[in-house]
Amino acid sequence: MSDPLRRIDAMVEEDTLPSPQVRQQLRLAAGLTQAEVAAAIGVQRVAVARWEAGLTQPHRGNRLKYAHLLRKLAAKHPDAVEGAPDEG
């Protein structure tokens, strides 16, 4: 695969988010509060609450950070995401 195609794949994959329910499950499995997740990403707690409720989606920069955090949490807590669909 050529380099441009790999970069495109990486862009798509690195910001793919799980369903809102799984986002919450991952946070709870890690013992984190919405405020702690918000502080790590650099947003207000209400933003994380809206993301977990499926009311809004994070903007590109925050989406990348949030997706990265969720991937790390999923690796540590695979039971929280078993059989869950991804959201684009």
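Trainee: Leaving aside neighbours within four places in sequence, which residues is R45 in contact with?

Mentor: Bearing in mind that this is a predicted model, R45 is in contact with Q34, A35 and A38 once those sequence neighbours are set aside.

Trainee: And what joins the side chains of R45 and Q34?

Mentor: Their side chains are joined by a polar contact of 2.7 Å, and the C-alpha atoms of R45 and Q34 are separated by 5.6 Å although the two residues lie 11 apart along the chain.

Trainee: Where does R45 sit, and why does it count as partly exposed?

Mentor: R45 has its place in helix 4, and it counts as partly exposed because its relative accessibility is 42%, while the band for that label runs between 20% and 50%.

Trainee: Switching topic, what is the pattern of the protein chain along the sequence?

Mentor: Read along the sequence, the pattern is α-β-α-α-α-α-β, with five helices and two strands in the chain, and buried residues make up 32% of its 88 residues.

Trainee: Which elements give two or more residues to the largest nonpolar core?

Mentor: That core has 17 residues, and those touching the most other members are L26, V37, I41, V43, V48, W51 and Y66. Helix 2 (20-29), helix 3 (34-41), helix 4 (45-53) and helix 5 (60-76) each give two or more residues, and helix 5 gives the most, with six.

Trainee: What does V37 touch, not counting residues up to four places away?

Mentor: On that count, V37 touches R27, L32, V48, Y66 and L69.

Methods. Residues are numbered from 1 along each chain as its sequence is written. This is a predicted model: local features need pLDDT of at least 70, side-chain atom pairs count only at pLDDT 80 or more; totals for chains, interfaces and linings use all residues. Side-chain values use heavy atoms; hydrogens and water are left out. A nonpolar core is a set of buried Ala, Val, Leu, Ile, Met, Phe, Trp, Tyr and Cys residues joined through side-chain atoms within 4.5 Å. Buried means under 20% relative accessible area, exposed over 50%, partly exposed in between (1.4 Å probe, protein chains only). Helices (H or I, at least four residues) and strands (E, at least two) are DSSP runs, numbered from the N terminus. Contact means heavy atoms within 4.5 Å. A polar contact is a pair of N or O atoms within 3.5 Å; within protein, one must be able to donate a hydrogen and the other to accept it, and residues adjacent in sequence count only if both atoms are side-chain atoms.
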